[in-house]
Amino acid sequence: FEVSRVEATTRTATVIMLDMSRSMLMTGCFQAGRKVASALDSLIRNQYPRDSLYVLAFSYFALKLRPEMIFDNSWIENGGGTNFQEAMYQGRRILSKHRADAKQMILITDGVPTTYNSWWYDRGDGDGYGGGVNGLEETLREGRRCAREGITINTFMLSRDSYSGEFVQMLTKVSRGRAFYATPDRLGEYLLHDYVTNKRKVHK
């Protein structure tokens, strides 16, 4: 009998979306998210080299980070609201370029959408925006787009308040994704374990 590691023959493309709102920064959640992003980058490089990982930090805008930028503080800003819609759109654009066996977004947050791109403009790819009711509605629309494109959204919620819980439930439903509730000190344990476990399920 010949035993082979099927992990080496399949690929997962992942975008971590890290909320850099004021509450994330003030409570240590943001720092926990940065540590997890760095740890996942190391795990993929060493054990799953065919996988791809991207990191987006977002408040009003979404900023794509190179691995060496994760612990740099020069790019941090939190003055423009929490634009989940833009982060999810940028993540979807990144994942659309991959022919991976599985595509996923990992959303690390402690809150809800507070803003979105409310003006109308044509991005050039058929996804114009504008005229929505609020940030929540536009975020849920983006979640539906992700579902249609086969992208799983895994939300790691670091808050236990009812409003955040309702948002997670709605996003999980429309995107057909998954939700996890964790504390900053257990985030790494939950997220890394889920990544490895989920790959084993995909590769069976």
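A nonpolar core is a set of buried Ala, Val, Leu, Ile, Met, Phe, Trp, Tyr and Cys residues joined through side-chain atoms within 4.5 Å. Buried means under 20% relative accessible area, exposed over 50%, and partly exposed in between, with a 1.4 Å probe and protein chains only. Keep both in mind.

Now, the model. It is predicted, so local features need pLDDT of at least 70 and side-chain atom pairs count only at pLDDT 80 or more, while totals for chains, interfaces and linings use all residues. Residues are numbered from 1 along each chain as its sequence is written, and side-chain values use heavy atoms, with hydrogens and water left out.

First, the layout. The chain has 6 helices and 6 strands. These are DSSP runs numbered from the N terminus: helices are H or I with at least four residues, strands are E with at least two. In order, the elements read β-α-α-β-β-α-β-α-β-α-β-α. Of the 204 residues, 52% are buried.

Next, the cores. The largest nonpolar core holds 30 residues, and I16, L40, I108, L187 and L191 touch the most other members. Which elements give two or more residues to this core? They are β1 (12–19), α2 (29–47), β2 (52–58), β4 (102–109) and α6 (187–203). The most comes from α2, with 8 residues.

Look at I108. Contact means heavy atoms within 4.5 Å. Leaving aside neighbours within four places in sequence, I108 is in contact with I16, M17, L18, D19, M24, G33, F156, L158, L187 and L191. Apart from this core lies another, of 23 residues, including F58, F84, M105 and I153.

On to a helix pair. Helices α3 (residues 84–96) and α4 (residues 135–148) pack at about 20°, with axes 8 Å apart. Axes are lines fitted to C-alpha atoms, for helices over the stretch in contact, and angles run from 0 to 180 degrees between N-to-C directions. So α3 is roughly parallel to α4; that label covers angles under 35 degrees. Who makes the contact? From α3, F84, Q85, M88, Y89 and R92; from α4, E138, T139, E142, G143, R145 and C146.

Last, one residue. D194 sits in helix α6. Is D194 buried or exposed? It counts as buried, because its relative accessibility is 11%. Not counting residues up to four places away in sequence, D194 touches N154, F156, R178 and F180.

Definitions and conventions
Angles under 35 degrees count as roughly parallel, over 145 as roughly antiparallel, 65 to 115 as roughly perpendicular and the rest as oblique.
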